[in-house]
Amino acid sequence: MVAGLAGSVALAITAVGLMMHLFGAWNVAGTLPLTPQQTATVKPPPPNLQGAPYEDLARTEARDRAELTGYAALPDGRARIPVSRAMDLIAGKSLDPVTSDSLPPAGGAPVR
């Protein structure tokens, strides 16, 4: 009984292997050959890396620093002022130099 079971398992494995081989051969025979475009090796383009990243960074930081610390006329008629000057204007500090004649008189009303 064990020998019959082992023989039937071996026969089933052989039959499945033979069918896989035959169906695979029939499938390959029915397909068209590959074109040269399909078999060509595709080489991706090289990456676009920066040539001098530290110089690019320094140039960008210098441009940003000039925009934050310098004066410039903008195309729409406005003006760009340094951040420190804008902070002084918003804080309400006097931007004029303090002189003795610009001080309010003692005991009088403040000059507007």
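**Salt bridges and a nonpolar surface patch**

Arg 78 forms a salt bridge with Asp 76, and the closest nitrogen and oxygen atoms of this pair lie 2.9 Å apart. The structure described here is a predicted model, and under the criterion applied to it, which asks for a side-chain nitrogen of Lys or Arg within 4 Å of a carboxyl oxygen of Asp or Glu, the count comes to 3 salt bridges. In general terms, side chains of opposite charge can pair when their charged atoms come close.

Another of these pairs joins the side chains of Arg 59 and Asp 56, for which the nitrogen-to-oxygen distance is 2.4 Å. Arg 59 and Asp 56 both belong to helix H3, which spans residues 53-69, and they are separated by 3 residues, or about one turn of the helix. With regard to exposure, Arg 59 has a relative accessible area of 53% and is classed as exposed because this value lies over the 50% cut-off. Asp 56, by contrast, has a relative accessible area of 23% and therefore counts as partly exposed, this value falling between the 20% and 50% limits.

A salt bridge also links the side chains of Arg 63 and Asp 64, with a distance of 3.6 Å from nitrogen to oxygen.

Apart from the charged pairs, a nonpolar surface patch of about 770 Å² is made by Val 16, Leu 18, Met 19, Met 20, Leu 22, Phe 23 and Trp 26. Of these contributors, Trp 26 is found in helix H1, which covers residues 2-29, and with a relative accessible area of 58% it is classed as exposed because it lies over the 50% cut-off.

As for the protein as a whole, it contains 4 helices and 2 strands, and these elements follow the pattern α-α-α-β-β-α when read along the sequence. Buried residues make up 2% of the 112 residues in the protein. The protein exposes about 10,500 Å², of which 66% is supplied by carbon and sulfur atoms.

Methods
Residues numbered from 1 in each chain as written. Predicted model: local features only at pLDDT ≥ 70, side-chain atom pairs only at ≥ 80, totals over all residues. Heavy atoms only, no water. Buried < 20%, exposed > 50% of the residue type's maximum accessible area, 1.4 Å probe, protein only. Patch = residues over 30% accessible without salt bridge, like charges linked within 9 Å, V, L, I, M, F, W, Y side chains within 5 Å. Areas by Shrake-Rupley, 256 points an atom, 1.4 Å probe, with all protein chains shown as cover.
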